[in-house]
Amino acid sequence: MTENNRNLPQSDLSDLDAFDHAILRALSTDGRMPVTELARRIGLSKSPTQARLKRLEQEGYITGYAALLNPIRLGLAHVAFVEVRLTDTREAALAAFNAAVRAIPEVEQCHMVAGGFDYLLKVRTHDMPSYRAVMAERISALPYLANTSTYVAMEAVKEETF
């Protein structure tokens, strides 16, 4: 869950009908689609489509619109996944770690996980030397860090956004 929708109540997907799902699918592939085109694609007129879109935004199903950037074209082809184990997992330690990791721009994703480690980070950099610098200067300095294990991605087979 993102920071913006953390406090929203979990929704019952049965609240959504086929038109709502069609709107979400269409916008997930093209968030810049004009409402008239969206209405045509889902089989409704413009006014009910606009009303549904506004409701989906207000209820937190749609949390925003953004441009999807091509990291390869931006020179950010190196992806590493980092398992993180902490020395302390009490709330104060987790909050300190969470705040510190949010401040590292190269960390594209951070997930608290259940299992043999505490967090999984997705780190995107230009190349291996850049990754090593981020690791040495930023990630290794994270509070309550016990140890890490790094896995370098060779190829992205599937990456989707929601």
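Modeller: Let us begin with Lys-122, which touches Val-79, Ala-80, Phe-81, Glu-106, Val-107, Glu-108, Gln-109 and Glu-159, not counting residues up to four places away in sequence. A contact means heavy atoms within 4.5 Å. This is a predicted model, in which local features need pLDDT of at least 70, side-chain atom pairs count only at pLDDT 80 or more, and totals for chains, interfaces and linings use all residues. Residues are numbered from 1 along each chain as its sequence is written, and side-chain values use heavy atoms, with hydrogens and water left out.

Colleague: Why is Lys-122 called buried?

Modeller: Buried means under 20% relative accessible area, exposed over 50%, and partly exposed in between (1.4 Å probe, protein chains only). Lys-122 has 8% relative accessibility, so this residue counts as buried. Lys-122 lies in strand β3.

Colleague: What makes a run of residues a helix or a strand, and in what order do the elements of the chain run?

Modeller: Both are DSSP runs, numbered from the N terminus: helices are H or I with at least four residues, strands E with at least two. The chain has 5 helices and 4 strands. Their order from the N terminus is α-α-α-β-α-β-β-α-β.

Colleague: How do you know whether the chain is compact or spread out?

Modeller: The radius of gyration is taken over C-alpha atoms, and the globule rule is 2.2 Å times the number of residues to the power 0.38. For 162 residues the rule gives 15 Å, whereas the chain has 20 Å, well over that value, so the chain is more spread out than a compact globule. Along the principal axes, the C-alpha atoms fill a box of roughly 55 × 40 × 25 Å. Of the 162 residues, 28% count as buried.

Colleague: What makes a group of residues a nonpolar core, and which residues have the most contacts inside the largest one?

Modeller: A nonpolar core is a set of buried Ala, Val, Leu, Ile, Met, Phe, Trp, Tyr and Cys residues joined through side-chain atoms within 4.5 Å. The largest has 17 residues, and those with the most contacts inside it are Val-82, Val-84, Phe-97, Leu-121, Val-123 and Ile-139. At least two residues of this core come from each of β1 (78–86), α4 (91–102), β3 (119–125) and α5 (128–137). Strand β1 supplies the largest share, 4 residues. A second, separate core of 12 residues includes Leu-16, Ile-23, Met-33 and Ile-62.
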